[in-house]
Amino acid sequence: MLMSTRTDDDRGGVRIPPAALRGVPVDIPALAQLVVRTVEIDDPGPLLDLAPDPSAHAWVRNGEGLVAWGEALRIGTAGAGRFIEAEHAWRDVVRHAVVRDEVRRRGTGLVALGSFAFSDDSPAGGALVVPSVLVGQRDGRCWLTRVTTGRELPGSMEPLRPRPAPDPVDVVFVDGALPGPAWESVIATAVSRIETGEVDKVVLARDLIARAAEPVDPRAVLRRLAERYPTTWTFAVDGLLGATPEMLARTEGGLVASRVLAGTIRRSGNDERDLALAASLTRSGKDLVEHQFAVRSVADSLRPLCSGMNVPEGPYVLHLANVMHLATDVTGVLADSVSSLAIAAALHPSAAVGGTPTKVAQAVITEIEGMDRDRYAGPVGWLDASGDGEWAIALRCGRVSEDRREVRLFAGCGIVAGSDPEAELAESAAKFVPMRDALTG
């Protein structure tokens, strides 16, 4: 067995670098043995107010979820094998960890948060991070987990006090890889490729750069996102933060659920007008076709993993603060013991973020999109020692630069026959709104 090189970071954690994972098992005892303790605590208040520094991780929806900080261990992966490498390394970590869990719920005990690049060749790669401190809240119960390496016992089990986060200062926005008119030309190219029959659907993304006069504190951005979009999954993992409405894979007790979103219309701000817009969305041939492609791709990927599935015949309209989406919740009973991360890997990329046929659509994206998506539209979420967890698609998000003076925002649109470049540009602008507003107040 090849042993990985131990690398301690500035927080005292241990890193497993990608080079140590190339097709070989990882000898976790040679790196670190994690000592984990979880205890129940009184309600500590809003989770996002607890993080003591800007590097904190978060996974919060409707006020519940996880917030964490520090790094006990990091698993870094890259390339086409990034998911399976992370999965194998995580199993080794779990097998050798010493865990005292006094709460025993989803998200207690040993937990890792992770995010992964959209494409195999992206330098963004992927990471699973085991935090040093984690606070969780769900169904009226709250808990605190502390993790150390080696033989030392976790320290105080009292959570830290709330820490204020400063708002971003003097944020301006500039074009990313392509300005709007150039991106419209890319959309037109994609439509012509669809009309020739080369591909049925292709999802194209664009980026926007936010520049601030002072380093951005992600905690302030997360707080605003959670307040304005409480029904989405507000997340911060390894420099990627946002508020996504699309759950890729949620597992618990042998059950799996995946929420598919495809087909979007911007809200008007008038309730009666929005009801009419929602009705028009359910009748839109273009949006229904786009949605059907996405649902079919998720169902086809889940079917081999399930002994039974439920795929609704038609979508419903999901109302968010700024847009409405056609949505379908696909559920299933898992046939075998398979982790939430493995399921997320099997589902990625769905037609909702890539297109169909998958390989052809990805080739078109690589050829004409004109940028590296980084971890946008890749899986982001968490898993515990049992393999249960939640993985969403990283949408409505941004990647924070190392000096925190820039945040690279992303938005994408599904292109099918009949897509109008000008309308798609407007849709992408609407999808930038959550992050833009969170950065500017």
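The following legends describe close-up views of a predicted model. Because the model is predicted, local features are given only at pLDDT of at least 70 and side-chain atom pairs only at pLDDT 80 or more, whereas totals for chains, interfaces and linings use all residues. Residues are numbered from 1 along each chain as its sequence is written, and side-chain values use heavy atoms, with hydrogens and water left out.

**View 1**
A nonpolar core is a set of buried Ala, Val, Leu, Ile, Met, Phe, Trp, Tyr and Cys residues joined through side-chain atoms within 4.5 Å. Buried means under 20% relative accessible area, exposed means over 50%, and partly exposed lies in between (1.4 Å probe, protein chains only). The largest core holds 82 residues, of which Leu34, Leu128, Val130, Leu204 and Ile415 touch the most other members. Helix α2 (residues 180–195) supplies the largest share of this core, 6 residues. A second, separate core has 37 residues, among them Ala51, Val60, Val171 and Val221. Helices (H or I, at least four residues) and strands (E, at least two) are DSSP runs, numbered from the N terminus.

**View 1. The surroundings of Leu128.**
Contact means heavy atoms within 4.5 Å. Residues up to four places away in sequence are not counted, and the contacts of Leu128 include Leu73, Arg74, Ile75, Ala86 and Trp90. Leu128 also touches Ala112, Leu113, Gly114 and Phe116, together with Leu341, Leu383 and Trp391.

**View 2. Strand β11 and its two partners.**
Strand β11 (residues 141–149) is largely enclosed by the rest of the structure, because 8 of its 9 residues are buried. Two strands pair if DSSP finds at least two bridges between them. Strand β3 (residues 34–41) runs antiparallel to β11 and is joined to it by 8 bridges; the bridge partner of Leu34 in β11 is Thr149. Strand β10 (residues 133–138) is also antiparallel to β11, with 6 bridges between them, and Arg138 has Arg141 as its bridge partner in β11. β10 and β11 form a hairpin with 2 residues between them, and Asp139 in the turn has a positive phi of about 50°.

**View 3. Cysteines of the model.**
A disulfide is a pair of cysteine sulfur atoms within 2.5 Å. By this rule the count is 0 disulfides. Cys142 is buried, with a relative accessible area of 3%. Cys306 is likewise buried, at a relative accessible area of 12%.

**View 4. The crossing of helices α2 and α7.**
Two packed helices are described by the angle between their axes and the distance between the axes. The axes of α2 and helix α7 (residues 358–368) come within 11 Å and cross at roughly 150°. Axes are lines fitted to C-alpha atoms, for helices over the stretch in contact, and angles run from 0 to 180 degrees between N-to-C directions. The crossing of α2 past α7 is right-handed; a crossing is right-handed if the near helix is turned clockwise from the far one by less than a right angle, and left-handed if anticlockwise. Val186, Thr189, Ala190 and Arg193 of α2 meet Val364, Glu367 and Ile368 of α7.

Most residues other than glycine have a negative phi, and most peptide bonds are trans. A cis peptide bond joins His348 and Pro349, with omega about -10°; Pro349 is in the loop between α6 (340–347) and β21 (355–356). The peptide bond from Thr356 to Pro357 is also cis, with omega near -10°, and Pro357 is in the loop between β21 and α7. Ser350 is found in the loop between α6 and β21 and counts as buried at 4% relative accessibility. With residues up to four places away in sequence not counted, Ser350 touches Ser297, Val298, Gly355 and Ile393.

**View 5. Two loop residues with positive phi.**
Asp238 has a positive phi, near 55°, and lies in the loop between β14 (233–237) and β15 (240–244). Asp238 is buried, with a relative accessible area of 17%. Ala377 has a positive phi near 70° and lies in the loop between α7 and β22 (379–384). The relative accessible area of Ala377 is 1%, so this residue is buried.

Arg405 is in the loop between β24 (397–400) and β25 (406–415) and is partly exposed, with a relative accessible area of 36%. The C-alpha atoms of Arg405 and Asp217 are separated by 9.4 Å, although these residues are 188 residues apart along the chain. Beyond residues up to four places away in sequence, Arg405 touches Ala210, Arg211, Ala212, Ala213, Glu214 and Pro215.
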